[in-house]
Amino acid sequence: MLKENTNNPNQLPHDGNLDPVRRRISPILIFPAIAVLLLAVFFMIYRFSSTEYGKMKEDLKRLSEETYDSVLLSMHSTVGFKESDFAYYRGLRTAIMSHAVTGPKELSKYLEQILQSGNSISTIYLCLDPHLLWTDSGEKEQNWNTNLANGLYAYMADNPLITFEILLPYPYIDYWRHMEAAELDTLLTLYHTLVRDISAYSNAKTFFMGAEEWLMINPANYSERPFDANEEISFAIFANTFCGSGIYEITPANESNFWDSLREIIEREQTTPTTYPDLSDWCLVFFGDSILGNYSGSASIPGYVTGLTGASAFNFAIGGTSAGSRGEGQDLPDIFGGFVKENIVLSEEGNLFSPKDTSLEELKGKKICFIFNYGFNDYYSGVPIENPQDPYDITCFKGSLRSCINALQILLPEAQYIIMTPTHTLLMDRGMEPGGPSGDILPAYVSAAQDLASELGLHFLDNYHDFVINDDTLEEYVPDGTHPNEKGRLVIARQLIRFLQEIISD
């Protein structure tokens, strides 16, 4: 513990009054303080500049020495993008540059090096930020036009066989939320101007995902800065733009739709911002099939819940599994047995949930809620709903859930339990075709889940009836017929968050 130095001749005298108006600071002390502050600021700027200069120098060296088919340049961090993804999904040897380009002048240096490298270039990927381009131009229209004409458009015109694929920013909602109307108008005018000018070149495409609510609304989707998505989200952006179906490509015909969608989200968040409950004292444990298990990171259903509420989450869901044991691979009884063995420990305080690689101190005092989300694979595989002779028959949908949940209730009686149903499906005549010899259809499994929750005194979350995802909206939220896309996972997560909030209030 630091002690007050009573012998320091430079220490200010203390008269017992903390009012800053009545305190007097000697000019002798002010000037050294200012000098130190300026020196610190200079050092930080120098350190940042020298680091970025070093990155740029290394980038240009790579471009002069390596073999590649395409290059990715960005005005923000490229850490989330992977060269292996471009190789696997696009078949391109792609050199991803590490330096954040500041404007067209630096961009021109990169393009010159690329074109002089001797490589046969098919595609140049550019992540351009109109706001930074405007700042780099000194916020003068003439500079904007001249810089872009010389630093980008000339290269597009002179190299018609190279495709320029341009990605616009996709920042976290707070970047937009605090923006005044006039500032927003100016910025969107810059976006429009850039898109319009780029569209004049037949070898250029522009993409924009920055109006996707599932992306911009979750702080966990981003790294330290509001413009830099994490690795999982960067891959989703890569897949949806550079490898996608073209739904995020901006054309003169659809451009206004992108800006209208963005404005709508911004205006809503400015006037009536979406709020979420603080669930930081909760620990959520998920069991289920591919709806929960096929996705990881911040854009999964557990990821949205944790990112928006601060809850802890552990996902033990596995794609392809069912609640009822089918005697092959892993289903809930097999998963549950391993889970108990590895994650429930006996201590002086009784049975505790202690997942691998997690300290009990991190979970100490947190309320635990187990969430079970099964039904699709039970229905698709024709797993019987129940055995009238044996209510604990693990080869049946209800029997397996009943058996596993009962065991958990004995081990962790203070925990909360939620049975969550599947949504609608496009498969098997929208869930109306019998899934097995018993002739059960998907709604029968939903009803069985509700009956079991009532029997065991559990919470029941119905994602099938009266929900956003229904027969009319399936293609929007569940394009492959079963698995929700990012948008669908967000609405399911929000439904779960609202439900958890009700449990807390009760």
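**Sheet and core entries**

I began with strand β11 (residues 416-420), which pairs with β12 in the parallel sense over 3 bridges. Strands here are DSSP E runs of at least two residues, helices H or I runs of at least four, both numbered from the N terminus. Two strands count as paired if DSSP finds at least two bridges between them. I found Ile-418 opposite His-459 in β12.

This is a predicted model, where local features need pLDDT of at least 70, side-chain atom pairs count only at pLDDT 80 or more, and totals for chains, interfaces and linings use all residues. Residues are numbered from 1 along each chain as its sequence is written, and side-chain values use heavy atoms, without hydrogens and water.

Next I traced the sheet. It is open, with 5 strands in the order β7-β6-β10-β11-β12 and parallel pairing. β7 (312-315) and β12 (459-461) are the edges; each has a single partner strand, so one side of each lacks a neighbour in the sheet.

Then I checked the helices. α12 (residues 301-309) packs on the sheet and touches β6 (282-288) and β7. Contact means heavy atoms within 4.5 Å. α18 (residues 442-456) also packs on the sheet, touching β11 and β12.

Last, the core. Which residues touch the most other members of the largest nonpolar core? They are Trp-176, Phe-353, Phe-370 and Phe-372, out of 146 residues. Such a core is a set of buried (under 20% relative accessible area, 1.4 Å probe, protein chains only) Ala, Val, Leu, Ile, Met, Phe, Trp, Tyr and Cys residues joined through side-chain atoms within 4.5 Å. Helix α20 (residues 486-505) gives the largest share, 9 residues. I noted that Phe-353 touches residues including Cys-283, Val-285, Phe-314 and Leu-412.

Terms used. Axes are lines fitted to C-alpha atoms, for helices over the stretch in contact, and angles run from 0 to 180 degrees between N-to-C directions. Buried means under 20% relative accessible area, exposed over 50%, partly exposed in between (1.4 Å probe, protein chains only). Lists of a residue's contacts leave out its neighbours within four places in sequence.
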